[in-house]
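Take a first look at the model below.

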Amino acid sequence: MRVKPLVKGLLTFVPGSHLFLPKKKSDGGAHCAAYCYGVWLEHLTMLRENGLRDIPDTLAELGPGDSLGVGLAAMLSGVNNYYALDVLQHSETELNLKIFDELVEMFKARAGRPEKGCPDFDCYLDENLFPSHILTQDVLRASLSEHRLDRIRRLIAGQVDDASAAKMSLQYVAPWFDDSLLKEGSVDVILSHSVLEHVIDLEDAYVIMYKWLKPGGFISNFIDLRAHGVDKIENGHWKYSELLWKAILGKRPYLINRLPYSMHRSFAEGAGFRLVCDLKQYITNGINRRQLARRWKDLSDDDLACMGAFMQARKDAL
């Protein structure tokens, strides 16, 4: 096993240890406009292919991370109300404004997706690798109007009057732990990207998402099931005993929950969702079944090899 994650976990039990623990460096994700642009285009395109007919009016994002860039990309596509919900506050206004301006230029140029997505959604894009069948000229003309861009900038900066708030909203809440934060049946789409693998109360999370969604609404989640640096082998996190894992986790508010994809699917369906997209990624060089800790001895072969999944599901109308 890697010693560093264990040391970090044990140090969290020492009062004041956060003062000398190195801060986590950005991994090149949400602090980058191109990354946020690509994530949004991926989720939006796949949602259209799996039943979403219109640009959602209200979007909630779980775990936006370094910036609100994914949600801002959504607003530049026509989303009017965006809720960013996180455990810890990472995002800062100055960075969000910078990313917003960069995103504006990307949408005005109808830039192609920056990198091949996971899943690969290029077959749904035009010859320039842009979803022009969704973000048509008419849609972008309205969503990128100067009046609308100015209103979004003011929302990012916290400069909003009652008249503007009635038409558009941007709310960043961190930390959030209350399922009454959003009105029941008020959200069109709930999105997360490499987030649900960190949620401890995962079953409750799917129940809450179902509660918040309007009938006919969608969840769209990419779930990264790898070891996240705890072990050099991508599925190596399943070889640690419960005692050792508690030591590695320490008092950190989140690390990874180690739950396999079958449990995500089970919790989603148990909450009432109907899966409309279920695309998985596999590895061939992970740990073998003999190395699994007692808790994970009954993992299916599929779960043992599944290191990522793109899941979309619908709350069907009654």
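This is a predicted model: local features need pLDDT of at least 70, side-chain atom pairs count only at pLDDT 80 or more; totals for chains, interfaces and linings use all residues.

Residues are numbered from 1 along each chain as its sequence is written, and side-chain values use heavy atoms, with hydrogens and water left out.

Start with the whole chain. Its secondary structure comes to 11 helices and 7 strands. Helices (H or I, at least four residues) and strands (E, at least two) are DSSP runs, numbered from the N terminus. The chain has 318 residues, and 49% of them are buried. Buried means under 20% relative accessible area, exposed means over 50%, and partly exposed lies in between (1.4 Å probe, protein chains only). The chain exposes about 15400 Å², and carbon and sulfur atoms supply 52% of that area. Accessible areas come from the Shrake-Rupley method with a 1.4 Å probe; for residues, only the protein chains shown count as cover.

Now look at how the chain meets itself. A contact means heavy atoms within 4.5 Å. Take the contacts between residues at least 6 apart in sequence: 77% of them join residues at least 24 apart.

Next, go inside. A nonpolar core is a set of buried Ala, Val, Leu, Ile, Met, Phe, Trp, Tyr and Cys residues joined through side-chain atoms within 4.5 Å. The largest one has 47 residues, and Trp40, Leu76, Leu103 and Phe107 have the most contacts inside it. Several elements each supply at least two of its residues, including helix H2 (33-49), helix H4 (93-108) and strand S5 (213-224). H2 gives the largest share, 9 residues. A second, separate core has 39 residues, among them Val187, Val195, Met209 and Phe267.

Find Trp40. Residues up to four places away in sequence are not counted here. Trp40 then touches Leu59, Val70, Ala73, Ala74, Ser77, Val79, Phe107 and Leu191.

Methionine 46 sits in helix H2. Is methionine 46 buried or exposed? Its relative accessible area is 5%, so methionine 46 is buried. Beyond its neighbours within four places in sequence, methionine 46 is in contact with Pro119, Phe121, Tyr124, Cys277, Leu279, Phe310 and Gln312. Methionine 311 is 265 residues away from methionine 46 in sequence, yet the C-alpha to C-alpha distance is 9.9 Å.

Helix H4 comes next. H4 has 16 residues and reaches 22 Å from its first C-alpha to its last, close to the 22 Å expected at 1.5 Å a residue. The expected span is 1.5 Å times one less than the number of residues. Which residues of H4 are buried? They are Asn96, Ile99, Phe100, Leu103, Val104, Met106 and Phe107. Seen down the axis, these buried residues fall within an arc of 160°, so they line one face of H4. The arc is that of the directions from the helix axis to the C-beta atoms. The buried residues of H4 pack against H2, H3, H5 and H6. After H4 comes arginine 110, with a positive phi near 50°.

Compare helix H9 (242-249). Trp245, Ala247 and Ile248 are buried in H9. They cover an arc of only 160° around the axis, which puts them on the same side of H9. The face turned away from that buried side carries the exposed residues Leu243 and Lys246. Glycine 250 follows H9, and its phi is positive, near 60°.

Two histidines deserve a stop. Histidine 237 lies in the loop between S5 and H9. Its relative accessibility is 1%, so histidine 237 counts as buried. Apart from neighbours within four places in sequence, its contacts include Asp231, Trp245 and Ile256. Histidine 264 is in helix H10 (residues 261-271). Histidine 264 is buried too, at a relative accessible area of 0%. Its contacts beyond four places in sequence include Glu197, Tyr206 and Met311.

Finish with the cysteines. How many disulfides does a search of the whole structure find? It finds 0. A disulfide is a pair of cysteine sulfur atoms within 2.5 Å. Cysteine 118 is partly exposed, at 29% relative accessible area. Cysteine 123 has 62% relative accessibility, so cysteine 123 counts as exposed.
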